[in-house]
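Morning, everyone. I have one structure for today, so let me put it up.

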Amino acid sequence: MRVVIAEDNVLLSTGLELLLGRAGFQVAAVATDGDGFVAAVREHRPDVTIVDVRLPPTFRDEGIRAALRARRETPGLPVLVLSQYVEQQYAAELLATSGGGVGYLLKDRVSRVDGFVDALRRVAAGGTAMDPEVIAALVQRAGDPIAVLTAREREVLALMAQGLDNTAIGQRLGITDNAIHKHVGNIFAKLGLAVSDSGHRRVLAVLAYLNAAR
Amino acid sequence: MTVRYLLGSLLSAVVTLAGLPLWPVPRLARFWAARHRSRATRVLAGSGSPPRQADAGADGDGDGERTARAVLWLPVHVVTGLVLGLPALLCVGNIVVASIATPLWWAFPLADRPRLFVDIPVPDWTTALTLGPLQIVLLLAVARWVLPPLARLHARICVAVLSYRTNEQLADRVAVLTRTRAEVLDAHGAELRRIERDLHDGTQARLVAIAMRLAVARDAFTDVPRDDAFVEGLIREAHEGVEEAMAELRTVIRSVYPPILADRGLDGALTAVTAGCAVPVKLELGDLERVPAAVAAVAYFTVAEALTNVSKHSGATGAGVRAGRTADRLSLVICDNGHGGADDRQGTGLAGIRRRVSALDGTATVDSPAGGPTTVTVELPCGW
């Protein structure tokens, strides 16, 4: 699987190359700014991209804007944005673009190689990968409406919102697919949501619910 | 001094009168008034009765009230200048008359002999040698005893008409404080952004890079067969990364608030920074007790930055640092015997000092002629 990276910090980009190389990815290009990234995407047509939020020249949210630009040029381009801090707004902007294949993770997650590679593959496959901290903040803010859920159901909800599918949730929680299926059904029923199929649509539904529940 | 002041006022009153058509020009009126006010202020200061208010802001622009007062002052100035300046002119004039008449009375034609004491003609040497010196002595006495009060009276009237009202003084002070407060906030914000940037791009990025290498190393450790050199290389890089992160974190912390300042106070910190300078530094410390933390930090950075310049750019073989505090000011002088020519625009050292100092409403002056020596003087208010 071919990857284009936008990261200006050499320490981090070499680290990523090392890590991705071992996980079987092929790094096609490393861009060091937004324009370079958009150009590299055009040239290499990667299967998935990894973008740092802060890039030259402004060192503000260049990365987010470059990612959105690249997705406008190449609809459905899978983009995993890495950030050193969590900002709901960025996650929301990414999710607002049409189609799946978006991720927003703290850079810290990179050091848990398996989880990171899973997330990257999920994004590449058109799924979603939202950082647990983003979701935790949403869940916490949601407060009352999700108080009707059991503790286990809230765990499942959080993992769904992060973009995991039933199988992955089951593995994470150490319970069977069947049990997960039941939990998911209960959650949707209790929250009054129409049952969505697995995948990006389900994530959007859950996130939209959490966003609305303030 | 007072005679000159009165003669000057007289002359200026005549000039003012002649300049009547120009009175409505606000800038000119304000300029003229400000000039006279500072003259008057000097006379009053010289006579030991200090003015109530220095003339800061006397040229302030667009202040309607100030302009109105300046225009109102013009006729007052014409009258007081003429009335009070005339005695000075008469006094000086008659001293001159007596000085000429006494030795030279005989040289004038009989019908036109010079007169002393206004209307007494001088017919012979006896009259000349008695009345002449007498007139000079009497007028010198007048100049000594009578004219100074007249000058002060003129100056007082001038200052009274032109001086700030209390609410104007307050308004000016508020304007200054508003401006400096905005600068403080700007400087503070810039400082926070710098710290955030240093931590984000430096320490935090390094930690992430270290975590990535350790993650790969951990993963590679269980490979069969294991590539020991690869794993060892990753661990070595991670280890070096940790050391670099620590060094960077130290730098950031020092730039936030120097630990030595927290531990030893300003005098201890200045002792340490001068001892660490590559050029020998003579340090003179006055009383530095109870300097507010923000002021101490700026003082420390100023000295550290100035000494960095000394050792990097000045070519000096010796330097001096003097720091002392009066009731409400901390003053710093950093000098060196180098080749001078220091310029704000080269590098950020001096500009950084100015920025930090002005944020605290202080002043920084750099005197650095080509060929040296260089003296940096900083004054910081510290008695709020």
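Predicted model: local features only at pLDDT ≥ 70, side-chain atom pairs only at ≥ 80, totals over all residues.

Residues are numbered from 1 along each chain as its sequence is written, chains are lettered from A and ligands numbered from 1 in the order in which they are written, and side-chain values use heavy atoms, with hydrogens and water left out.

Sheet first. Chain A has an open sheet of 6 strands, ordered β2-β1-β3-β4-β5-β6, with parallel pairing. Helices (H or I, at least four residues) and strands (E, at least two) are DSSP runs numbered from the N terminus, and two strands pair if DSSP finds at least two bridges between them. The edges are β2 (26-31) and β6 (128-130) of chain A; each has a single partner strand, so one side of each lacks a neighbour in the sheet. From one strand to the next, the twist averages 20 degrees. Axes here are lines fitted to C-alpha atoms, for helices over the stretch in contact, and angles run from 0 to 180 degrees between N-to-C directions.

In the pairing of β3 (residues 48-52) with β4 (residues 79-83) of chain A, there are 4 bridges. V51(A) has V81(A) as its bridge partner in β4(A).

Helix α4 (residues 88-96) of chain A packs on the sheet and touches β4, β5 (102-106) and β6 of chain A, at about 165 degrees to β5(A). Helix α2 (residues 34-44) of chain A lies across β1 (2-6), β2 and β3, and makes about 165 degrees with β1(A).

Now the interface. How many residues of each chain are in contact? Chain B contributes 20 and chain A 19, contact being heavy atoms within 4.5 Å. The buried area, meaning the accessible area (1.4 Å probe) lost by both parts on being put together and summed over both, is about 1800 Å², with 59% from carbon and sulfur atoms. On the chain B side, H200(B), M212(B) and R213(B) lose the most, together 30% of what that side buries.

There are 3 salt bridges between the chains, each a side-chain nitrogen of Lys or Arg within 4 Å of a carboxyl oxygen of Asp or Glu. One of them joins R54(A) and E196(B), at 2.6 Å, N to O. As for elements, α5(B) gives the most to the side of chain B that touches chain A, with 17 residues.

Notes: Buried area = accessible area lost by both parts, 1.4 Å probe.
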